[in-house]
Amino acid sequence: MTQVETRNAFRAFRNRNYALFFCGQSISQIGTWMQRTAVSWVVYSITHSAYMLGLAVFAQQFPSFLFSLLGGIVSDRYNRRTILLITQTVSLLQSVLLAILTLTHQYAVWQILALSVLLGVVNAFDTPARQPMVHELVHNKEDISNALALNSAMVNIARLIGPALSGIVLQTFGAHTCFTLNAVSFLAVITSLLLMKLPAFVPPATKKKAVTELAEGFRYLRQTPRIGIIIIFTMCMGLLVLPYDTLMPVFAKVIFTGDALTFGYIASAVGLGSIVASFYLASLHKSANLTRILLISIGVLGVGLIGFSRCTSFYAAIPFAVVIGLASLTPMTVSITIIQMEAAAPMRGRVMSYIAMAYFGMLPLGSLLAGAVSQSLSAPFTMLVQGGIAVAIAGVFSRHLRQHASAADDSGTIQQSS
């Protein structure tokens, strides 16, 4: 990368609003990953059940599936900053309640699950508003692609730092400290939103019935088959492959006979792989074939899962965890990139809600499935099957993705769209 390209790698920060957004989200994302790690560890420590791990993921993410379409409509109708202020405040309160329950040691699994359901409902409205908001924070539209690339790097750096910190904090201070720190991290997002200087919100000239807007959204998907295929692909990955992380506490505690630190290190190794993938995607040449990268990454993910499932040593598993993180980020990042960049502006909120619905609908069902199979058979066997399915998905979708690939997809730079 040349010196000029290096300087330009952070050009989106020239936009004050985006710089504020990035700083607030960076802190919050670390807190979010700390809480995710802590919730999984607490549930497994109480129940020693892989099925309950899957149920915990289901409780948090299935409500996002149920309400994501409504969240997309709300995002297209109302001021997105106001929506985010509300969702971030409720998320803060949810973390405070988790902290109080675990601090007093007066909690049961059903209470953890109930608070997870609350967070899932909040995320159904948060995600469709937060993702398209990047377009409102960047004045120079040429910087939008760079802002999306920085967002991807931000999330994956948090994915590296958060679980490692969570493992240390869990082992030293307890789960309540993880939840408290996450609650504090939401203050950074709320402050950044309040400091932004945005133009006055102009509501849509006409407000249609929700059913009408939903019908328009589905009609739009039929008219843009590539987006439709990507959403189907996301559903398959969410149901059958990506719930691999549901099994990680089982590997940490049972297979590797470790503790919370072991779990945190595994999750951080996955995060490290994701960071490598972020910088790899950002550095690709503009002529890179995105469809090919998408398909190869799914195959690599399958190999990584198969390799990890065969490991009986923590140290032997770490390299495979890095590979899993690298390969699991790439297909989803490329898919979301295409949708973000190509969806029509009036449809952007709804289209993002569809991809959220596909992801948050299938992932919790997949987590339940993975937990149930792991409980009946074993975690290594379940992950082995997931790896094989990933390779099969790459083969099945190869023809469809290549058929609908367009010049806009395969000639655009990843740095501009990740």
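How many disulfides does the structure hold? The count is zero, taking a disulfide as a pair of cysteine sulfur atoms within 2.5 Å. Buried here means under 20% relative accessible area, with exposed over 50% and partly exposed in between (1.4 Å probe, protein chains only).

A word on the ground rules. This is a predicted model, in which local features need pLDDT of at least 70 and side-chain atom pairs count only at pLDDT 80 or more, while totals for chains, interfaces and linings use all residues. Residues are numbered from 1 along each chain as its sequence is written, and side-chain values use heavy atoms, with hydrogens and water left out.

Now for the overall picture. The chain comes out with 16 helices and zero strands; these are DSSP runs numbered from the N terminus, H or I of at least four residues for helices and E of at least two for strands. Of its 418 residues, 57% count as buried. As for contacts (heavy atoms within 4.5 Å), take those between residues at least 6 apart in sequence: 88% of them join residues at least 24 apart.

Helix 7 (residues 175-195) is where C178 turns up, among buried residues that also include F179, N182 and F186. This helix has 21 residues and reaches 32 Å from its first C-alpha to its last, close to the 30 Å expected at 1.5 Å a residue; the expected span is 1.5 Å times one less than the number of residues.

Helix 2 (residues 16-47) brings in Q35, which counts as buried because its relative accessibility is 6%. Leaving aside residues up to four places away in sequence, Q35 touches Q94, S95, L98, L119, F179 and N182. With Q94 there is also a side-chain polar contact of 3.1 Å, that is, a pair of N or O atoms within 3.5 Å; within protein, one must be able to donate a hydrogen and the other to accept it, and residues adjacent in sequence count only if both atoms are side-chain atoms.

Finally, the charged pairs. A salt bridge needs a side-chain nitrogen of Lys or Arg within 4 Å of a carboxyl oxygen of Asp or Glu, and the count comes to one. The side chains involved are those of D126 and R130, at 2.8 Å, N to O. Being four residues apart in helix 5 (residues 109-137), D126 and R130 are separated by about one helical turn. D126 counts as buried at 4% relative accessibility, and R130 does at 18%.
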